[in-house]
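The following note sets out points for a colleague who is examining this entry. Please read each point beside the sequence and the coordinates.

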Amino acid sequence: MGVEITTTRLEDAAKWAKQSLVERATNWGRKFSLFTYPFVTACCGMEFMSVAGPKYDLARFGAEFPRFSPRQSDLLMVVGTITEKQGPALKRVFDQMAEPKFVIAFGVCASTGGFYQNYSAMPGCDQVIPVDVYIPGCPPRPEQVLDGLIMLMDRVQQGRGHSQLRTKREQLIAAQAASDE
Amino acid sequence: MAQKVLDALKQHHASAIELTESVHGDEVAWVKREGLVAVATWLKNDPSMLFDSPVFVTCIDRLDWRPVGLPPSSAWNESKPRFEVCYQLRSHTHKYRLRLKVAVPEHDAHCPSLAGVWPAFDWQERETFDMYGIRFDGHPDLRRIYLYEEFVGYPLRKDYPKEKRQPLVRRDDLPINPIKAPDGGHHGDR
C-alpha cells in the first residue's frame, strides 16, 4: 500500500503523461530538494529531531537542511500544537515562503488539534494554511514521517501540491481571460 | 504545623480573619477583602512571620459545586460567593506554609492586589485575571497575559462554553468560517 519509490519507466510515463518534459524535470528537481522550515511548537519537535538526525536521516530524501528562514524554504513542517494566538504568526510564515510551497502537518495536534479541544488550541493548522500531507500520531514514528515525506514527494512530482495546483489554476484563468479578449 | 501562625493571625488581626481551618495538612485562613493587604503586609514584615516566598495565586470557581462525601449544605448555591482567590505563601526563615483565601462574589469580582507587597504576584494576578476575570484593585498593570486582547470572556470560568473558539485568523476557503459568519456553524466543528 501507499506510494512506490521505485517505479518502472512505463508507470512513470502513465503517471506523468500530461506533463511536459520541462515540467517533469522541474518537479523532479523540486521533490529531491525540499528545504524544510520546522515550525516547532511542542513535544513533536523531539521526534522531528530524531527524524532529522543521523539514524533516520531525512536528508536521504533530499530534505537536507532545516532552513530557519521561511524565505529560503519551500516545505513548512508544522510540528506541534498550534494555538489560536499563534495563528497570525503561522500565516505570516507561510505567506513569506517562496512558491511553490508545501506544508506537512506533523503529528495529530497540527492535523486536528489532537486532545486539545479547548478555548486556546486551534483545531488543526489547516484552519489557517492549506496542508498537503497529514501525519497522524502522538508523536508519529519516524517511519511515518518518512512515509509522509515520500507521499509528498510523489505529489510534488505529479504537480498536485496545493500551491502547484493553485498556480496552474491561476494560469488557466489568465489564459481563459486572454482568449476571451 | 503552622497552627501557631493561625493563632497569631487571630490574635493580631481578629477583625480581618473570618475563619481558619486545616485542610490536608495545609493551614488556611479566610480573610476579609478589606483586611487582606494589612494582613499580608504584617505576614511579610513581622519578625515572627517573615513570609518571604510568594508561591502562587489562583482562583477557584465554585459554580454548581457538588462535593462528594460532604453534607449537601456545603454545596454551592446562589447565596454563596462564587469565587475563592487563593494566595499560597511560604516563610523560609520559620518553615511556615500558609494559604490565604478571599471569597469574591460574582457580581462584584474585585479583590485587593498583593502585587505591591510581593512583586512576584504581579504576573500571577494577571494570569488569574486572564482566566477568571477577577479584578485586582491596586494592581500596577492589569492586562491579559496569556490570551490575546481580542478574547472575550474568561475561559476557566465554569460557565464558559467548552466548544467555543475565538479565532484570530482563518483561511478564506473554509466551508464553515467562524470569522466570516460567527454563528454559521458549531464553533468546535470543522
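1. The radius of gyration is taken here over C-alpha atoms, and the globule rule is 2.2 Å times the number of residues to the power 0.38. The model is a predicted one. For the 181 residues of chain A, the rule gives a radius near 16 Å for a compact globule; the value for chain A is 17 Å, which agrees. Along the principal axes, the C-alpha atoms of chain A fill a box of roughly 50 × 45 × 30 Å.

2. Chain A contains 7 helices and 4 strands. Read from the N terminus, their order is α-α-β-α-β-α-β-α-β-α-α. Of the contacts in chain A with a separation of 6 or more, 81% are between residues 24 or more positions apart. Buried residues account for 39% of the 181 residues in this chain.

3. Two cis peptide bonds in chain A deserve a check. Most peptide bonds are trans. The bond from Glu99(A) to Pro100(A) is cis, with omega near -10°; Pro100(A) is located in the loop between α4 (87-96) and β3 (102-106). Cys138(A) and Pro139(A) are likewise joined by a cis peptide bond, with omega about -5°. Pro139(A) belongs to the loop between β4 (133-135) and α6 (142-158).

4. Chain B is divided into domain 1, residues 3-137, and domain 2, residues 160-190. Taken over C-alpha atoms, the centres of these two domains of chain B are 38 Å apart.

5. Most residues other than glycine have a negative phi. His24(B), which is not a glycine, has a positive phi of about 50°, and His24(B) sits in the loop between β1 (17-23) and β2 (26-31) of chain B. His24(B) counts as exposed because it has 5 C-beta neighbours inside 10 Å, the limit for exposed residues being 12 or fewer.

6. Asp64(B), again not a glycine, has a positive phi of about 55°. The loop that holds Asp64(B) runs between β3 (53-61) and β4 (83-91) of chain B. Is Asp64(B) buried or exposed? With 11 C-beta neighbours inside 10 Å, Asp64(B) counts as exposed.

7. The last point concerns the interface. In chain B, 15 residues are in contact with 12 residues of chain A. The side of chain B that touches chain A comprises 8 nonpolar, 2 polar and 5 charged residues.

How values were computed:
Residues numbered from 1 in each chain as written. Chains lettered and ligands numbered in written order. Predicted model: local features only at pLDDT ≥ 70, side-chain atom pairs only at ≥ 80, totals over all residues. Contact = placed C-beta atoms within 7 Å. Nonpolar A, V, L, I, M, F, W, Y, C, P; charged D, E, K, R; others polar. Domains from an automatic or database assignment. Buried ≥ 20, exposed ≤ 12 C-beta atoms within 10 Å, placed from the backbone.
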